[in-house]
Amino acid sequence: MSSKTIALTFDDLPHPLYTPLLLDLLHREGVRATLFVIGRNALAYPYFVRDMVLEGHELGNHSYTHQRFLTLNLATIQGEVLRTNAVLQRLSGQSIHLIRPPGGRLNSSISRELRDLGMDVVFWTDDPGDYLRFKPETLEARLETRFKPGAIVLLHDNVPETLETLPQFLRYVRARGFSVGSVSALFASPAPVHKP
Ligand SMILES: [Zn+2]
């Protein structure tokens with residue numbers, strides 16, 4: 001993992017009002033992010049999923065109905081995962097391997113189930129809590145104080161303050177010589193050289 005890369009991830013897409021704004025913003029900023037999509041919403045707004053693919057973003061599974069996996073049995077979880085994969089694969093033409101469970105909580109049998117389904121679970125290293133609707137300057141400060149090499153930053157597209165703050169955060173990150181990309185780009189980037 002490069003010491004000069006961070007990944008941006010957005011959960012709960014697509015949203016009919018905010019997703020187009022987020023995609024516009026990422027386009028202007030030249031950022032390809034990882035977008036965790038709710039299957040049911042993808043079915044409701046398929047054109048936004050196609051736009052995500054056209055813009056070169058990486059798609060991940062965020063379940064079908066956004067229920068916490070710890071409250072579901074394994075058969076239901078399997079249905080949530082496979083239905084979402086099927087919708088996303090049909091809309092994107094890509095096979096989907098990344099998953100972020102709603103709320104980010106798992107236990108060992110759910111983890112095993114997801115692995116058996118061929119899914120790689122993506123958590124995060126930095127949750128600035130954008131869904132708590134901080135003022136933009138507060139959110140920006142939370143992002144900047146937690147910022148560290150190799151970070152996987154958790155954000156949401158349905159938070160207006162996130163859209164407002166993101167350009168400033170990207171300027172901050174880039175001014176420090178970091179590049180910003182998807183989760184796969186982060187793990188594909190060269191390992192840092194550790195000098196004795
Ligand atoms: Zn979510």
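Predicted model: local features only at pLDDT ≥ 70, side-chain atom pairs only at ≥ 80, totals over all residues.
E161 has a relative accessibility of 14% and so counts as buried, because buried means under 20%.

**View A. E161 and R133 meet in a salt bridge.** The side chains of E161 and R133 come together with N and O 2.8 Å apart. E161 belongs to helix 7, while R133 sits in the loop between strand 5 and helix 6, so the pair ties together parts that are 28 residues apart in sequence. How accessible is R133, in relative terms? Its value is 47%, so R133 counts as partly exposed, whereas E161 is buried.

View B. R100 lies in the loop between strand 4 and helix 5, and D11 lies in strand 1.

**View C. E29 reaches R174 in another salt bridge.** The closest N and O atoms of E29 and R174 are 3.2 Å apart. Look for E29 in helix 1 (residues 18–29) and for R174 in helix 7; they are 145 residues apart, and the pair links distant parts of the chain. Are these two residues buried or partly exposed? E29, at 22% relative accessibility, counts as partly exposed, and R174, with a relative accessible area of 34%, is partly exposed too. With this pair, the model's count of salt bridges comes to three.

View D. D12 is in strand 1 (residues 5–13) and H62 is in the loop between strand 3 (58–61) and helix 4 (74–92), so the two tie together parts that are 50 residues apart in sequence. D12 is buried, with a relative accessible area of 14%. H62 is buried as well, at 2%.

View E. L13 is part of strand 1. What is its relative accessible area? The value is 0%, so L13 is buried. Setting aside neighbours within four places in sequence, its contacts include T19, L22, L35, F36 and V37, and also I38, N41, M52 and D157. For another landmark, find Y45: its C-alpha is 9.6 Å from that of L13, though the two are 32 residues apart in sequence.

View F. Helix 5 covers residues 108–116, and its buried residues are I110, E113 and L114. Seen down the helix axis, these fall within an arc of 95 degrees, so they line one face of the helix. An α-helix has 3.6 residues a turn, so residues three or four places apart point the same way. What do the buried residues of helix 5 pack against? Their partners are helix 4, strand 4 (98–99) and strand 5 (120–121). On the face turned away from this buried side, S108, R115 and D116 are exposed. Just after the helix comes G118, which takes a positive phi of about 80 degrees.

View G. In helix 6 (residues 136–146), P136, L139, L143 and E144 are buried. Down the axis of helix 6, its buried residues lie within an arc of 130 degrees, so they line one face of the helix. What covers them includes strand 6 (152–156) and helix 7 (160–175). On the other side of helix 6, E137 and T145 are exposed.

View H. An unreviewed UniProt entry places the feature "domain: NodB homology" at residues 4–181. Over that stretch the chain is 46% helix and 16% strand. How far apart are the C-alpha atoms at its ends? They are 11 Å apart.

Terms used: Residues numbered from 1 in each chain as written. Heavy atoms only, no water. UniProt positions renumbered as here; feature names shortened; annotations may be inferred. Helix = DSSP H or I, 4+ residues; strand = E, 2+ residues; numbered from the N terminus. Buried < 20%, exposed > 50% of the residue type's maximum accessible area, 1.4 Å probe, protein only. Arc of directions from axis to C-beta. Contact = heavy atoms within 4.5 Å. Salt bridge = Lys/Arg side-chain N within 4 Å of Asp/Glu carboxyl O.
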